[in-house]
Amino acid sequence: MFGLRPDAVLAVPEKYYTLSDYEGNIPRWCPGCGDHSVLTAAQKVCRENQLAPEKTVFVSGIGCSSRFPHYMKTYGFHGLHGRAFPVACGIKFRRPDLHVFVATGDGDCCSIGTGHWIHAIRYNMDMTVMLLDNEIYGLTKDQTSPTSRKGTTSNTHPTGSVLPPINPIITTLGVANVSFVAQTVDWNPAHLYATLMAAYQHPGFSFVRILQRCPHFSAEVYADAVTDANQTLLLNHENGIELPKGVERMFKNTEEHDPADINKAREFAGIQDMIPIGLFYQKKDNERYDEYGRHNLGFSIEAKEAALMNEFEKYAV
Amino acid sequence: MLELNTNSPGQSSGGMVDPKIEVFPVKEHIVEIVSDSGEGAQKAGQSFGSISAKMGNGVWTVEIIPAEIQPPARSREGASGIRIRLGSHAITNMGDEADLVVAFNEQALYSRIGQQAFKEGTIILLENKWAEDKVPTVQKQYAEALADFESRGYDVREVPMETECLKIVDNPHHGKNMWVLGLLSFLYNRDLEIAEAQIARIFRRKSQKVVQSNLDLLHAGFKWAQANLGFQYDIPAQEKGLDLVVMNGNEALGMGAIAAGIELCSMYPITPATSVSHYLAEVFESAGGVVHQAEDEIAAIGFAIGASYAGKTALTVTSGPGIALKTEFIGLAVMAEIPLVILDVQRGGPSTGLPTKVEQGDLLASIFGQPGDSPTIVMAASSIEECFHFVIMARKLAEAFTMPVFVLSDANLATGVQPFPKPQFNPDWLAPPVDQSNWKEGVPPYNWDEKTGLSQRPVPGQKGGMYVLTGLAHDEDSHVAYQSDINQRGSNRRSRKLAAFHQTLKTPVVNGDDEGDLLVVGWGSTRGSIEEAVAKVRESGAKVSSLHLRFLCPIEPGLKEIFKKFKKVITVEINYGDEADDPLITAETRRYSQLAWYLRAHTLTEVDFFSNVHGQPMRPGAIVERIRKELAL
């Protein structure tokens with residue numbers, strides 16, 4: 001009728017998801033906490049990519065930032081301290097159809113969960129990792145974190161911490177099979193959103209460190225950078241994080257950096273006088289463990305029975 | 001020395017008759033191969049066991065494993081080897097003293113002598129190259145040992161193993177074991193075609209040249225024995241009944257995973273559990289599964305929980321130290337009600353303990369190991385056959401009761417080889433496809449049934465089922481508990497699931513009379529030894545029975561009533577307990593072996609125990625002795 005082929009199918013999305021489709025419980029983070037803006041950015045990424053909420057899982061560990069899944073209206077897994085990565089990897093390995101996000105903090109990822117972090121980078125499964133780094137333990141009330149700067153005073157180091165901090169970007173860049181490493185800040189929503197978008201779209205383990213303000217326990221660490229544009233260095237490249245022109249103009253300091261260049265990436269990651277933000281490194285064709293996991297999914301009952309019968313045969317008397 | 005009919009050679013089971021060969025019919029025999037580590041004694045013994053099972057004998061094998069990969073040669077502590085007990089009837093345990101031993105050096109035998117593995121008259125076929133060794137002390141040790149063995153009453157026959165092997169291979173270090181397999185194949189009149197097929201199977205990944213050389217060794221060993229030993233044993237096959245399969249306990253666990261339709265085994269290497277994953281790594285992919293070797297024990301269970309949560313109930317396999325590390329995640333699976341299968345192949349503990357040796361030390365850790373109240377189902381396989389079937393059951397229970405389920409095995413079952421009836425496949429064994437239907441509107445993620453505590457569980461992908469799983473105390477909606485009664489209610493519902501499961505359990509059946517003077521209660525791999533011991537003592541008219549438990553948590557029903565009908569109840573198990581007459585031990589200070597402790601609490605019955613942590617399987621003879629002592633016989 002009306003010239004349409006009888007087998008024509010008009011693809012109409014079943015439903016257009018709006019931001020409210022991703023909004024879960026009312027966040028219980030402190031007012032002024034940087035986590036709020038990350039939550040908003042993540043919800044926007046979901047909407048922009050029209051991720052079905054039932055096909056999306058936010059996995060976290062324990063800590064302030066790990067409350068993240070509670071505030072999404074997707075599936076969520078608020079598990080154990082430091083153990084978000086094994087759970088997220090297990091989900092993705094046998095359910096590659098799900099969109100997996102990980103929300104973790106500096107204690108969760110860089111202290112108690114360090115072993116899993118290193119290996120998750122190497123597994124390079126397709127997931128988006130948000131490290132919300134406020135350089136302090138918040139939930140347990142003001143203890144030194146592995147990313148706290150030397151001299152940080154806290155309840156565990158009242159006279160100042162004695163060791164230099166871990167640099168999560170340099171650490172990530174040092175792991176075999178690393179495929180996406182970016183840094184952004186909670187106080188620049190446009191850059192934050194653009195970075196998370198790029199991370200989501202990267203086919204592999206996308207690691208985004210988000211410098212995140214804790215108004216309660218570490219308010220001073222990013223205070224100057226928030227107000228003084230000179231303290232931030234924007235890494236730019238045609239293959240980098242794509243920013244609207246207006247946003248780019250906000251930055252006084254910019255440098256061209258090809259995200260294919262891992263040595264240069266390590267150099268930028270190590271600079272001390274400014275906060276480098278942008279895409280440090282990306283490689284799209286690394287080995288992916290979720291692809292390996294996918295290869296023999298969906299065996300029929302008959303195929304499984306046949307495999308078992310074959311085993312009985314092998315061990316028959 | 002030889003038990004039966006020494007004057008009348010019988011018809012050998014293979015049908016070969018040679019008038020020069022004396023044939024001794026026996027009902028059963030215990031054979032050991034003892035060597036330095038790395039000489040392939042276990043491979044030869046496992047092969048001998050498989051060949052014997054294929055020929056219709058009842059078989060049980062147990063490996064003798066040193067802790068090191070390659071301990072110093074000729075060291076007593078480094079002895080490696082295997083025991084094969086074979087008979088004309090079903091064999092359920094390792095038995096007592098060996099009848100015949102093949103030894104690659106005399107020093108290795110001393111570790112077995114220390115474990116009372118031999119008796120007067122045990123035949124020892126001993127490599128004789130040490131007599132001519134270029135190191136004088138070795139020659140001396142050898143001569144001294146020969147004299148010592150003679151004084152102990154062993155029947156030593158020197159065998160030129162190395163000399164004979166050198167006629168076929170340049171390096172007899174790799175190959176002597178197959179020569180010995182040939183020798184044993186002659187002694188027990190094994191079918192050489194079956195032996196050849198066995199060699200082809202174990203060397204399937206090697207070149208044809210390697211296979212051929214091992215076949216040559218097999219035949220050479222056979223022919224040497226035929227020409228030089230002059231005797232054979234005849235152990236007739238069991239009556240042909242059902243079709244059988246033969247494997248060890250870890251293979252059975254792995255095969256159970258395939259039969260359960262499980263698609264992920266997430267593990268970290270740990271002795272003696274690892275070989276489950278070795279087996280699966282070879283065949284799992286052809287059954288839709290993958291073995292994931294995680295970065296550590298914690299990640300292994302976390303990964304499994306991720307897959308389980310996402311609808312593919314997974315298994316993790318480990319041993320004691322791994323269980324210790326997995327504790328927090330087990331608690332999460334309990335709290336958040338995620339199905340999971342945990343295979344614990346127990347070894348000696350605590351800490352690194354006895355990695356290669358048997359212990360039943362994880363019972364209480366499985367039941368009570370988590371902080372807080374953490375109800376889980378705990379079951380223990382008592383045979384190789386049960387290793388297979390319990391994995392299938394464990395997956396179903398894990399899903400039905402949305403909780404982790406432990407299947408306890410141990411180092412004795414892990415490497416023990418025993419034939420059992422070929423399981424009849426049932427499609428219900430397999431996991432159903434992941435439910436991706438729409439979640440019913442208004443139904444909370446923990447829709448706890450008031451009476452049973454059971455609830456369905458939304459799986460990612462189910463529309464309308466979105467919820468946030470949490471390890472925090474939570475209500476029906478998985479919302480974090482901010483009110484005082486919520487944790488009480490959640491704990492109550494989770495606990496009630498065990499009570500609901502308990503309703504489905506049957507009262508266990510007593511082996512022997514329902515009443516008497518002594519009841520021996522066991523669990524796990526000791527069943528064969530206990531039942532054999534009880535049968536033996538009952539022959540003398542003693543009123544002793546036994547009871548074997550498969551479900552430890554919730555515990556099988558009716559125990560108190562069963563116990564009441566016996567004057568005395570003891571457990572037999574392989575874990576630590578204080579002896580009543582140890583220094584400082586009083587009724588108040590005495591710490592009981594694990595099942596005894598648990599049964600005392602559960603039944604308020606006076607339950608004593610016989611246990612030790614020697615790292616050895618329980619022998620029927622030791623149990624017989626203890627039963628006699630308990631009964632003052």
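How much area do chain B and chain A bury between them? In this predicted model, the two chains bury about 5200 Å² between them, and 64% of that area is on carbon and sulfur atoms. The contact involves 69 residues of chain B and 54 residues of chain A.

The side of chain B that touches chain A can be described by its polar links and then by its elements. One salt bridge is counted between the two chains. Glu263(B) and Lys304(A) form a salt bridge in which the closest N and O atoms are 2.8 Å apart. Polar contacts join 30 residue pairs between chain B and chain A, both residues of each pair having a pLDDT of 80 or more. Several elements of chain B give two or more residues to this side, among them the helices α1 (41–54), α8 (249–259), α9 (274–283) and α11 (320–336), and the strands β9 (244–248), β11 (290–293) and β17 (468–470). The largest share, eight residues, comes from α10(B). By residue class, the side of chain B that touches chain A divides into 43 nonpolar, 15 polar and 11 charged residues.

The mean pLDDT of chain B is 94, and 97% of its residues reach 70 or more. Over residues 1–15 of chain B, however, the pLDDT is below 50, although this stretch has 31 contacts in the model beyond near neighbours in sequence. Where pLDDT is low, the predicted coordinates should not be read in detail.

Within chain B, Val572(B) belongs to strand β21, which spans residues 566–573. Val572(B) counts as buried because its relative accessible area is 1%, under the 20% cut-off. Apart from residues up to four places away in sequence, Val572(B) touches Val520(B), Val521(B), Gly522(B), Thr526(B) and Ile530(B), together with Phe610(B), Met618(B) and Ile623(B). Arg619(B) is 47 residues from Val572(B) along the chain, and the C-alpha atoms of the two are separated by 11 Å.

Phi of Leu584(B) is near 70 degrees, a positive value in a residue other than glycine. Leu584(B) is exposed, with a relative accessible area of 80%.

The bond from Gly349(B) to Pro350(B) is cis, with omega near 5 degrees, and Pro350(B) is found in the loop between β13 (340–346) and α12 (363–368). The bond from Cys553(B) to Pro554(B) is likewise cis, with omega near -5 degrees; Pro554(B) lies in the loop between β20 (551–553) and α17 (559–564).

In chain A, Asn124(A) occupies the loop between α4 (114–123) and β4 (127–133). Asn124(A) is buried, with a relative accessible area of 1%. The side chain of Asn124(A) makes a polar contact of 2.7 Å with the side chain of Ser179(A). A polar atom of the Asn124(A) side chain also lies 2.8 Å from the backbone nitrogen of Phe205(A). Beyond its neighbours within four places in sequence, the residues in contact with Asn124(A) include Asn177(A), Gly204(A), Asn286(A) and Tyr289(A).

Asn177(A) lies in the loop between α5 (168–173) and β7 (180–185) of chain A. Phi of Asn177(A) is near 75 degrees, a positive value in a residue other than glycine. Asn177(A) is buried, with a relative accessible area of 19%.

Key:
Residues numbered from 1 in each chain as written. Chains lettered and ligands numbered in written order. Heavy atoms only, no water. pLDDT = per-residue confidence, 0-100. Contact = heavy atoms within 4.5 Å. Helix = DSSP H or I, 4+ residues; strand = E, 2+ residues; numbered from the N terminus. Buried < 20%, exposed > 50% of the residue type's maximum accessible area, 1.4 Å probe, protein only. Buried area = accessible area lost by both parts, 1.4 Å probe. Salt bridge = Lys/Arg side-chain N within 4 Å of Asp/Glu carboxyl O. Polar contact = N/O pair within 3.5 Å; in protein donor to acceptor, adjacent residues only side chain to side chain. Nonpolar A, V, L, I, M, F, W, Y, C, P; charged D, E, K, R; others polar.
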